[in-house]
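Me: I have a structure to go through with you. Can you take me over the main features?

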2 protein chains.
Amino acid sequence: MTTVAIVDDHSVVRIGIKYVLMTDSEFKFVGEADDGADAVPLVERVHPDILLLDVRMPGTGGIAALKEVRAKFPDQRVVMLSMSDAEEDVYQALTLGARGYVIKDNTPGRIIGALKTVMSGELAISESVRSVYEARKSERGLTGREKEILVLVSKGCSNAEIGDILHLSPNTVKNHLKNLFEALGAADRAEAVAIGIRRGLIA
Amino acid sequence: MTTVAIVDDHSVVRIGIKYVLMTDSEFKFVGEADDGADAVPLVERVHPDILLLDVRMPGTGGIAALKEVRAKFPDQRVVMLSMSDAEEDVYQALTLGARGYVIKDNTPGRIIGALKTVMSGELAISESVRSVYEARKSERGLTGREKEILVLVSKGCSNAEIGDILHLSPNTVKNHLKNLFEALGAADRAEAVAIGIRRGLIA
DNA sequence: AGTCCAATGGCCCGAATGGGCTATAGATTT
DNA sequence: AAATCTATAGCCCATTCGGGCCATTGGACT
């Protein structure tokens, strides 16, 4: 008997998962929460064999919740549940030790299968996600500073304004931008913002 | 007895909705599809009292499906089901005659309530969505040309390149850009792209 | 100790951008 | 018929941007 708990802000999804689990006698649904901030308390309370974590949630997102859970319960099996395959989320989640990454459009059978795979000790990664992960692994990603700057760019700040806000020389801002353009394969700041949002690097 | 069918690419959501409906004897789940392109055939087959349509789907999206359904079955009640409140989707859906717009994080009770509201003849719009709709109604939105240009901007095209692609003078491109900056409240092309994606104007 | 890399900063320069202002043709709506 | 809106196009000009190239500092990892 494998116990499962879920954190997802969409009640419909929680209900769907609950009933998917009911179709297989091996699984038992033991708890739920609708906010990433409640992930740790939920684990403390029910100690599920597998914790399902939605990636995108308002407030404390799934990645942040994953970090917290892994910090307090290093042995907790966590499987991410996602609507999309935004590259950064996939990479972060797997790097942070998630045991699986499942897209919600999978059939019930596949979801069950993924949970069984995880219980057997293997990673469970949807096929579409795997390629995203492989691609991202070989790229360099953005550094912290670069992400900060990209966020400000997406808000319409000029290089000079960014320099003021971050207490940097405009030259430094330009250098970071040049580097992040290359890292993202962007021609200019507009494309960089589009790519950044699509990959989940910035909100 | 109210019959309900759903089009949503996420199987977990379909299952969740199915079971939410089962909790109320007034509703009967009569059909489902996982692709917007199947919306019209589904309606033809089961003629539900209410068709639930997911807004964001790969391929034929919910907005396009709504258009098709409304064209062939003008009396079909359609309620949009959405993860987000991207402004453009909300506006489009309600303008195109959707009878409701429900966010998936609503409690089962609220979802049921929304369906009952629609059956009583009223519009069912989640509170968070209503304000988005009101805000959008008073704004001017983007024209077709402006959207086209914004898409190219998000791909890193310069004004000259955009002119080449659309067979326009660079001056015209600049004028469209100036206008769309003002319409979106953007300072530059980078912010315009960010706003455009957030509002659901461009993919 | 040595190496790598993120973060910081500088300079030069040509090209692209964005603001302001005007104007015309065609469509749609009133 | 008049008014409005969209798409088209032009001009001028100051600012900004992006590319190229280089240098230093401080961590982190080997």
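Reply: First a convention: Ala, Val, Leu, Ile, Met, Phe, Trp, Tyr, Cys and Pro count as nonpolar, Asp, Glu, Lys and Arg as charged, and the others, Gly among them, as polar. By that scheme, the surface near DNA strand D has four nonpolar, 10 polar and six charged residues. This is a predicted model, in which local features need pLDDT of at least 70, side-chain atom pairs count only at pLDDT 80 or more, and totals for chains, interfaces and linings use all residues. Residues are numbered from 1 along each chain as its sequence is written, while chains are lettered from A and ligands numbered from 1 in the order in which they are written.

Me: At what angle do H8(A) and H9(A) pack?

Reply: About 110°, with their axes 8 Å apart. The axes are lines fitted to C-alpha atoms, for helices over the stretch in contact, and angles run from 0 to 180 degrees between N-to-C directions. H8(A) and H9(A) are therefore roughly perpendicular to each other. Angles under 35 degrees count as roughly parallel, over 145 as roughly antiparallel, 65 to 115 as roughly perpendicular and the rest as oblique.

Me: Which residues meet there, between H8(A) and H9(A)?

Reply: A:Asn159, A:Ala160, A:Ile162 and A:Gly163 of H8(A) meet A:Pro170, A:Val173 and A:Lys174 of H9(A). Contact requires C-beta atoms, placed from the backbone, within 7 Å. By class, the residues of this contact are four nonpolar, two polar and one charged.

Me: Switching topic. What is the strand order in the sheet of chain A?

Reply: E2-E1-E3-E4-E5-E6, an open sheet of six strands with parallel pairing. Strand E2 (27-33) and strand E6 (124-125) stand at the edges with a single partner strand each, so one side of each has no neighbour in the sheet. Two strands pair if DSSP finds at least two bridges between them.

Me: How many bridges join E3 to E4 in chain A?

Reply: Five, between strand E3 (residues 50-54) and strand E4 (residues 77-82). In E4(A), A:Val78 is the bridge partner of A:Leu51. Helix H3 (residues 62-72) of chain A lies across strand E1 (2-7), E3 and E4, running at about 150° to E3(A).

Me: What order do the strands have in chain B?

Reply: E2-E1-E3-E4-E5-E6, with parallel pairing in an open sheet. In E4(B), B:Met80 is the bridge partner of B:Leu53.

Me: How many residues of chain B are in contact with chain A?

Reply: 29 residues of chain B, in contact with 29 residues of chain A. H1(B) gives the most to that side of chain B, with eight residues. The side of chain B that touches chain A has 15 nonpolar, seven polar and seven charged residues.

Me: Where do the domains of chain A lie?

Reply: Domain 1 covers 2-137 and domain 2 covers 144-199; the bounds come from an automatic or database domain assignment. Their centres, taken over C-alpha atoms, are 32 Å apart.

Technical notes: Helix = DSSP H or I, 4+ residues; strand = E, 2+ residues; numbered from the N terminus. Contact = placed C-beta atoms within 7 Å.
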